[in-house]
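Dear colleague,

I am handing over the structure below, and after it I set out what was found. Please read the notes with the model open beside you.

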Amino acid sequence: FNRAFEIELTSADNQNKQKFLSNETYPRVYIRFVSEGLNRIEHLFSLEPDLVLKLYAWMIGDELGSFVIDEHLEGIQEGINQILGQIQATLDGEDAFIIHDMEVKLTESIEKADSGLPEIEGSCVNCSVSTSEENFTIRHYLWSDNESEDILDSETDVPSLSEEESVDVH
């Protein structure tokens, strides 16, 4: 992306999916996938279309688009696959995981966002992303079919994000 990012994370457990979606402004770009390792976790990332346009332009070194088209969604998906692939390559044994069922789509309304999502509660992580010029928020909603699983603070050494954390990404 040719820029430094600072990321601050805040989280909340036991979040209702409907509450999560109703706090969104539409249209939104949703990135949904499943990760499976020791646990099976479903992920839904929520981004504003303007952020998707900027990420895509930064990724390929091109001009900023006016509105999100399929090319942008496919490019973002490819970028995510590359990043997750690099992470997967560094992990083995109990830390290893696979990603499947990835979908990146522009969603015009809460009704369309709500279709196909389970009625179970999950956790929500708000990612405040800053560059030297701009600030963005990416919301990450995650849930597991295993109701006894505490997603963000489990015995599987997944770090607890209950306090605000700051991470530098270059």
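Which residue takes a positive phi just after helix 2? Glycine 61 does, with a phi of about 65 degrees. Please keep in mind, here and throughout, that this is a predicted model.

Helix 2 is mostly covered, since nine of its twelve residues are buried. Among them are Pro49, Leu51, Val52 and Leu53, and the buried residues also include Lys54, Leu55, Tyr56, Ala57 and Trp58. The elements that cover these buried residues include strand 1 (5–15), strand 2 (28–36) and strand 3 (40–47), and they also include helix 3 (70–90), strand 4 (98–107) and strand 6 (135–143). One of the buried residues of helix 2, Trp58, also belongs to an aromatic cluster, which it forms with Phe5 and Phe136.

The structure holds six aromatic pairs. In one of these, phenylalanine 20 and tyrosine 141 are stacked, with 4.8 Å from centre to centre and 20 degrees between the planes. Because phenylalanine 20 lies in helix 1 and tyrosine 141 in strand 6, the pair ties together parts that are 121 residues apart in sequence. Both partners are covered: phenylalanine 20 counts as buried at 3% relative accessibility, and tyrosine 141 is buried with a relative accessible area of 1%. Phenylalanine 33 and phenylalanine 45 form a stacked pair as well, because their ring centres are 5.9 Å apart and their planes stand at 15 degrees. This pair, too, links distant parts of the chain, with phenylalanine 33 in strand 2 and phenylalanine 45 in strand 3, twelve residues apart. Phenylalanine 33 counts as buried, at 6% relative accessibility.

Asparagine 14, which is in strand 1, has a positive phi of about 55 degrees although it is not a glycine. Aspartate 101, found in strand 4, likewise has a positive phi, of about 60 degrees, and is not a glycine either. Are these residues buried or exposed? Asparagine 14 counts as exposed because its relative accessibility is 58%, and aspartate 101 is exposed too, with a relative accessible area of 56%.

There is also a cis peptide bond to look at, which runs from tyrosine 26 to proline 27 and has an omega near 5 degrees. Proline 27 is found in the loop between helix 1 (17–22) and strand 2. Threonine 107 is itself in strand 4, and it counts as buried because its relative accessibility is 2%, whereas the cut-off for buried is under 20%.

With best regards

Definitions and conventions:
Residues numbered from 1 in each chain as written. Predicted model: local features only at pLDDT ≥ 70, side-chain atom pairs only at ≥ 80, totals over all residues. Heavy atoms only, no water. Buried < 20%, exposed > 50% of the residue type's maximum accessible area, 1.4 Å probe, protein only. Helix = DSSP H or I, 4+ residues; strand = E, 2+ residues; numbered from the N terminus. Contact = heavy atoms within 4.5 Å. Phe/Tyr/Trp six-rings, centres within 6.5 Å; stacked < 30°, edge-to-face > 60°.
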